[in-house]
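Hello,

Here is the structure we spoke about. My notes follow below it.

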Amino acid sequence: MRIIERISEMQHQAAVWRSGGRRIVLVPTMGYLHEGHLTLMREARKHGDEVVVSIFVNPTQFGPGEDFERYPRDMSRDVTLAREAGVSMVFAPPVNEMYPESYQTFVEVTEVTRPLCGQSRPTHFRGVTTVVMKLFNIVKPHAAVFGEKDFQQLMAIRRMVSDLNLDIEVIGHPIVRESDGLAMSSRNAYLDSGQREIALSLSRSLAEAERLVESGERHGKIVLGKVEERLKGNGELRIDYAKLCNPETLQDVTEIRGPTLLALAAFVGKTRLIDNKVLHVRTD
Ligand code: PAF
């Protein structure tokens, strides 16, 4: 497995692979790899011949006062894990390679990035779509794999790919959870043991909502009420949002009549965590 830092070198390698008929699959990450990322890499191997993992903590997707500086980083461990997962190449550019001083171009997806995380992180998705577009142009993948924990991110990327006619297959992978239900995230590393216990209330409230809907509850207000009640029972947790929405448009839903996304964001201490579940209405 090689590690490439330079854009021109990565583009050259991608062109060589493409001219040899190799199918390239990209797994974009910000590093500090965990089992969730490794699952995406294993998924990627099923979809192509060469798997490229990008490791880049992207400054443009962090707002002022957010955790860009302290975001966890461990390149040597990441490289070992990527190698063990059987990837062909790690692309890990320095910040000034991706954003030289003269940089001034951004890619923005509008509607689907406005609600949910877009409310509290107004410049976040613009940074995500910009860096993903750059990675697509550098790695030249035929397909790219993203986790569904960042549901809105995945929707924004699908929208960008469709709107800009990119010839890239976007593959979503279900959320990977710890055995106790906590959604895997590099940010879980910020949590102490007490906070980690509190963080479990996100996945537990999603499971409770699922049970309610399975038992016939259709009123969004009642489902969200239960979710908020469970989340609020924890002193150190502050809800950013708890929303029921249409999984195609992310518009708010008041009655649960078809597949409905329950999306959560909450701060546990200073750590912002997200989680989600698509709730299904039984038709039998
Ligand atoms: O999901 C992430 O880790 C990041 O948002 C991504 C897609 C790698 C872009 O920086």
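A polar side-chain atom of Gln153 sits 2.7 Å from an oxygen atom of the ligand. Gln61 also places a polar side-chain atom by a ligand oxygen, at 2.6 Å. (A polar contact is a pair of N or O atoms within 3.5 Å.) Alone, the ligand exposes 290 Å², and the protein buries 88% of that (Shrake-Rupley areas, 1.4 Å probe).

This is a predicted model: local features need pLDDT of at least 70, side-chain atom pairs count only at pLDDT 80 or more, and totals for chains, interfaces and linings use all residues. Numbering starts from 1 along each chain as its sequence is written, and side-chain values use heavy atoms, without hydrogens and water.

The residues around the ligand (a heavy atom within 4 Å) are Pro28, Thr29, Met30, Asn58, Gln61, Val128, Val131, Asp150 and Gln153. By class, that shell has 4 nonpolar, 4 polar and 1 charged residues. Gly counts as polar; Ala, Val, Leu, Ile, Met, Phe, Trp, Tyr, Cys and Pro as nonpolar; Asp, Glu, Lys and Arg as charged.

Next, salt bridges. The whole structure has 19 of them (a side-chain nitrogen of Lys or Arg within 4 Å of a carboxyl oxygen of Asp or Glu). In one, Glu66 pairs with Arg121, with the closest N and O atoms 2.7 Å apart. This pair links distant parts of the chain, 55 residues apart. Glu66 is in the loop between strand E3 (50-55) and helix H3 (75-84). Arg121 is in the loop between helix H5 (117-120) and H6. Helices (H or I, at least four residues) and strands (E, at least two) are DSSP runs, numbered from the N terminus.

Best wishes

Methods. A polar contact is a pair of N or O atoms within 3.5 Å; within protein, one must be able to donate a hydrogen and the other to accept it, and residues adjacent in sequence count only if both atoms are side-chain atoms.
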